[in-house]
Amino acid sequence: MQRKSGEEWLDLDAVVVGLKRGHLNFEIFVDPDLAFKFRRGEDVPLESVLKSYDLYEDARRGEHASDDLAEDFFGSSDIFDIAPEIIKRGKFKLTHEQRKQLKEEKTEEIIENISKKAMNPKTGHPHPPDRIRQAMEEAKVNVDPFVRVEEQVPRIVKALRVIIPISFESVKLRIMIPAAYAGKGYNVVANTGVITEESWDRDGSWNGLVEIPASQRQDLYDELNKLTKGQVRIELVR
């Protein structure tokens, strides 16, 4: 069966995915099951996910978004450039099981984020993921499956502070990695924190200033010392 939207006929199983940008809402029609799989990173052709190749300001009324608006907000008017962002970040109606699955996955992402970046100020060590999960349950925090982790963490950490001591301190380290280990060592550093200064010596050694969560300090020390067989130099910058 089909229904009419604007000048087009769409399958009844099509659903609208909407993404707010500023004061506007951009919408597309998708297959709900395939969109859910696409959003979770499964290999699904975008052509199969889309039920229409049009971008709307109001899909149910058939009001199209102009190419100029698409260019202004997405940098392109090509639906194949725009649709992935709308599907991955937009909101659409899920089945109970799909919503439950997305919420569980988002909860695990939040727990991993907090576990890596925060620490117990009383011990100087990170909280184990299971302790964070338990504290989230005790605090009865709500996880929104459609909101980015970075946007939810501040609210959740505020709730967790009633349950457990938690700190987001960071430290700055100046690091020198010998040439023989510079490539792998650089990746270790880059994956742990934010490199704010760096230079390569003529002999291939790497020097950098990096800011990392205080909870990751000992792990970084251990990993770089193991990699370089104790030849790395690390200095805490005050």
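Predicted model: local features only at pLDDT ≥ 70, side-chain atom pairs only at ≥ 80, totals over all residues.
Of the 238 residues in the chain, 42% are buried.

## Overall form

Nine helices and 10 strands make up the secondary structure of the chain. The radius of gyration is 23 Å, whereas the globule rule gives 18 Å for 238 residues, so the chain is more spread out than a compact globule. Taken along the principal axes, the box filled by the C-alpha atoms is roughly 70 × 50 × 30 Å. When contacts between residues at least 6 apart in sequence are considered, 63% of them join residues at least 24 apart.

## Nonpolar cores

The largest nonpolar core holds 27 residues, and those with the most contacts inside it are Phe26, Ile28, Val30, Val49, Leu55, Ile86 and Ile87. At least two residues of this core come from each of strand E3 (15-21), strand E4 (24-30), helix H1 (32-39), helix H2 (46-49), helix H3 (67-74) and helix H4 (79-89). The element that gives the most to this core is H4, with five residues.

What does Ile87 contact once its neighbours within four places in sequence are left aside? The partners of Ile87 are Val17, Ile28, Val30, Ala35, Phe38, Arg39, Leu46, Val49 and Phe92. Another core, of 18 residues, lies apart from the largest one, and its members include Val171, Tyr181, Val189 and Val232.

## Asp13 and its surroundings

Asp13 is placed in the loop between strand E2 (8-11) and E3. With a relative accessible area of 41%, Asp13 is partly exposed, because this value falls between the 20% and 50% cut-offs. Beyond residues up to four places away in sequence, Asp13 touches Val30, Asp31, Pro32 and Lys51, and Val30 is also listed among the residues with the most contacts inside the largest core. Asp13 and Trp206 are 193 residues apart along the chain, and a separation of 56 Å lies between their C-alpha atoms.

Lys172 belongs to strand E7 (residues 170-177) and is partly exposed, its relative accessible area being 41%. When residues up to four places away in sequence are not counted, Lys172 touches Leu209, Val210, Glu211, Glu235, Leu236 and Val237. Although Lys172 and Arg161 are 11 residues apart along the chain, their C-alpha atoms are separated by 25 Å.

Leaving aside neighbours within four places in sequence, the contacts of Ser205 are Met176, Ile177, Pro178, Ala179, Ser199 and Trp200.

## Positive phi at two lysines

Two lysines call for a note on backbone geometry. Lys140 has a phi near 55°, which is a positive value in a residue other than glycine; Lys140 is situated in the loop between helix H6 (129-139) and helix H7 (149-160), where its relative accessible area of 72% makes it exposed.

Lys229, which is likewise not a glycine, has a positive phi of about 55°. The loop that contains Lys229 runs between helix H9 (217-228) and strand E10 (233-237), and Lys229 counts as exposed at 65% relative accessibility.

Conventions. Residues numbered from 1 in each chain as written. Heavy atoms only, no water. Helix = DSSP H or I, 4+ residues; strand = E, 2+ residues; numbered from the N terminus. Rg over C-alpha atoms; globule rule 2.2 N^0.38 Å. Buried < 20%, exposed > 50% of the residue type's maximum accessible area, 1.4 Å probe, protein only. Contact = heavy atoms within 4.5 Å. Core = buried A, V, L, I, M, F, W, Y, C linked by side-chain atoms within 4.5 Å.
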